[in-house]
Amino acid sequence: MSVSAMYPGTFDPITYGHEDLVRRAAVLFDKLVVAIAVDTGSKVTMFSVDERVEMARSALADIENVEVTRYKGLTVDFAEKRGLRVIVRGLRAVSDFEYEFQLANMNRHLTDEVETAFLTPTEKYNFISSSLVREVAALGGDVSEFVSPSVRAALMDRINS
């Protein structure tokens with residue numbers, strides 16, 4: 001049985017923590033769609049959706065069964081339309097669990113056609129978040145341990161412009 005999954009998020013920008021989860025999920029599923037949200041709710045993004053998609057495509061280009069695309073609307077609607085049976089979510093810390101648990105339950109309420117699978121990051125990435133990376137970069141810190149060289153360059157270009 002072929003099982004396809006999605007890893008949704010804003011990826012503003014994609015970090016090594018995200019990449020770690022993608023690489024590990026890509027081994028578990030026949031196809032993994034990294035779905036970058038156009039609608040970010042109350043989040044204000046540093047990068048446009050086109051820029052976020054391009055950065056993710058660049059960072060993940062070597063993984064054959066991964067597709068990077070954008071999506072609008074409800075995550076479960078996108079998953080159902082694309083035949084994606086699993087939503088992959090990352091749990092960095094216990095503090096992530098409550099929100100992710102509520103989200104998974106809401107998604108289950110909306111459809112029983114899509115399941116949620118939680119992955120924890122490799123220990124060296126469990127503290128990395130896009131917002132922290134943006135903040136460190138904006139304050140002049142070195143983020144090369146947290147993002148790919150192309151993402152670092154995009155961050156520096158944005159901050160220095």
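Predicted model: local features only at pLDDT ≥ 70, side-chain atom pairs only at ≥ 80, totals over all residues.
## Terms and overall build

The protein chain has six helices and five strands. Walk along the sequence and you get the pattern β-α-β-α-β-α-β-α-β-α-α. The C-alpha trace spans about 45 × 35 × 30 Å along its principal axes. A compact globule of 161 residues would have a radius of gyration near 15 Å, and the protein chain agrees, because its own value is 15 Å. Buried residues make up 45% of the 161 residues. Of the contacts with a separation of 6 or more, 74% are between residues 24 or more positions apart.

Nonpolar side chains tend to be buried together in soluble globular proteins. In this model, the largest nonpolar core has 35 residues, and Leu 60, Val 66, Val 88 and Leu 155 have the most contacts inside it. Elements that give it two or more residues include strand 1 (4-9), helix 1 (16-28), strand 2 (31-37), strand 3 (66-71) and helix 6 (149-160). Helix 2 provides the largest share of this core, with six residues. There's another core apart from it, of 11 residues, and Tyr 71, Val 76, Phe 78 and Val 114 are among them.

Let's zoom in on two residues that touch each other. Neighbours within four places in sequence aside, Leu 60 is in contact with Ile 14, Glu 19, Val 22, Val 34, Val 66 and Val 68. Val 68 sits in strand 3 and counts as buried because its relative accessibility is 8%, under the 20% cut-off. With the neighbours within four places again left out, Val 68 is in contact with Val 34, Ile 36, Val 53, Ala 56, Arg 57 and Leu 60. Val 68 is also 59 residues from Gly 9 in sequence, yet the two are 11 Å apart in space, C-alpha to C-alpha.

## The largest pocket

The largest pocket holds about 1,100 Å³ of space. It is lined by 45 residues, and Pro 8, Gly 9, Thr 10, Lys 43 and Arg 89 are the closest to its centre. By type, the lining divides into 20 nonpolar, 16 polar and nine charged residues.

Helix 4 (94-110) gives the largest share of the lining, eight residues. Strand 1, helix 1, helix 3 (75-82), strand 4 and helix 5 are also among the elements that each supply at least two residues.

Most residues other than glycine have a negative phi, and most peptide bonds are trans. The loop between strand 1 and helix 1 is where to look for exceptions: Phe 11 and Pro 13 are both found there. Phe 11 isn't a glycine, but its phi is positive, about 50°. Phe 11 also counts as buried because its relative accessible area is 2%. As for Pro 13, a cis peptide bond joins it to Asp 12, with omega about 0°.

Over in the loop between helix 5 and helix 6 you'll find Ser 148. Its relative accessibility is 8%, so Ser 148 counts as buried. Beyond residues up to four places away in sequence, Ser 148 touches Tyr 16, Glu 19 and Ala 59.

How values were computed: Residues numbered from 1 in each chain as written. Heavy atoms only, no water. Core = buried A, V, L, I, M, F, W, Y, C linked by side-chain atoms within 4.5 Å. Buried < 20%, exposed > 50% of the residue type's maximum accessible area, 1.4 Å probe, protein only. Helix = DSSP H or I, 4+ residues; strand = E, 2+ residues; numbered from the N terminus. Contact = heavy atoms within 4.5 Å. 1 Å grid on protein atoms, 1.4 Å probe; cavity = no way out; pocket = protein on both sides within 12 Å on 5 of 7 lines; lining within 4 Å. Points joined across faces, edges and corners; volume = space filled by probe spheres on them. Nonpolar A, V, L, I, M, F, W, Y, C, P; charged D, E, K, R; others polar. Rg over C-alpha atoms; globule rule 2.2 N^0.38 Å.
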